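Trainee: I would like to go through this model with you, one feature at a time. Please show it first.

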Amino acid sequence: MQTQFSIALLKQKDTKPLFDLIQANATRLHQYFPITAKENSSLVATENYINRKIREVSRKENYTFKIVDSTTELPIGLLIIKKLDWIHKTCELAYFIDGNYEGKGIVSAGMQQLLAYCKDELELQKASLVIGEDNPGSLRIAEKFNFALTKRIKDGHEDFHGNIMDVLHFERVV
């Protein structure tokens with residue numbers, strides 16, 4: 001049975017469920033979402049994080065969507081449009097999904113919606129992904145959505161523990 005889900009921008013009422021999601025996935029997030037993990041280290045920090053994400057939407061700086069399980073009505077991941085460049089009409093996309101929901105096609109379906117939002121609502125022209133070489137799930141997403149590898153960035157990412165790693169940069173027209 002496929003999980004039914006929806007996506008929506010973060011709201012203040014998401015504080016406790018988002019905090020719980022991030023804490024449940026903290027070990028996984030430490031590698032590729034270290035800033036998100038650090039910025040959600042307590043309930044108060046998550047409240048501040050959500051307030052900032054709401055302000056970023058109003059300023060058209062970043063768009064952070066929650067992925068919501070339609071049955072439990074709880075967030076199970078995030079889809080993010082960030083590093084918006086309105087002059088060149090580009091952005092970077094990022095995402096994570098709760099470990100219990102991996103491999104169910106949810107990120108793929110969410111990515112489809114995110115790309116459509118970038119094109120139709122934000123009128124962007126190009127999107128990029130920055131992916132660790134040892135992240136096969138995200139590499140499959142890049143391939144599935146026809147993102148082209150443009151470069152390898154040496155020492156391009158620092159994880160939660162200060163480890164530096166190379167990353168791959170992908171782009172595609174939205």
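Trainee: What is the volume of the largest pocket?

Mentor: This is a predicted model, in which local features need pLDDT of at least 70, side-chain atom pairs count only at pLDDT 80 or more, and totals for chains, interfaces and linings use all residues. Residues are numbered from 1 along each chain as its sequence is written, and side-chain values use heavy atoms, without hydrogens and water. A pocket is an open set of points on a 1 Å grid over the protein atoms alone where a 1.4 Å probe fits, with protein on both sides within 12 Å along at least five of seven lines. Its volume, the space filled by probe spheres set on points joined across faces, edges and corners, is about 1,300 Å³.

Trainee: Which residues are the closest to its centre?

Mentor: Lining residues have an atom within 4 Å of a point. There are 47 of them, and the closest to the centre are Tyr32, Phe33, Tyr95, Asn135 and Ser138.

Trainee: Is serine 128 buried or exposed?

Mentor: Buried means under 20% relative accessible area, exposed over 50%, with a 1.4 Å probe and protein chains only. Serine 128 lies in strand S5 (residues 126–132), strands being DSSP E runs of at least two residues, numbered from the N terminus. Contact means heavy atoms within 4.5 Å, and serine 128 touches Cys91, Glu92, Leu93, Phe147, His169, Phe170 and Glu171, leaving aside residues up to four places away in sequence. Because its relative accessibility is 9%, serine 128 counts as buried.

Notes. Helix = DSSP H or I, 4+ residues; strand = E, 2+ residues; numbered from the N terminus.
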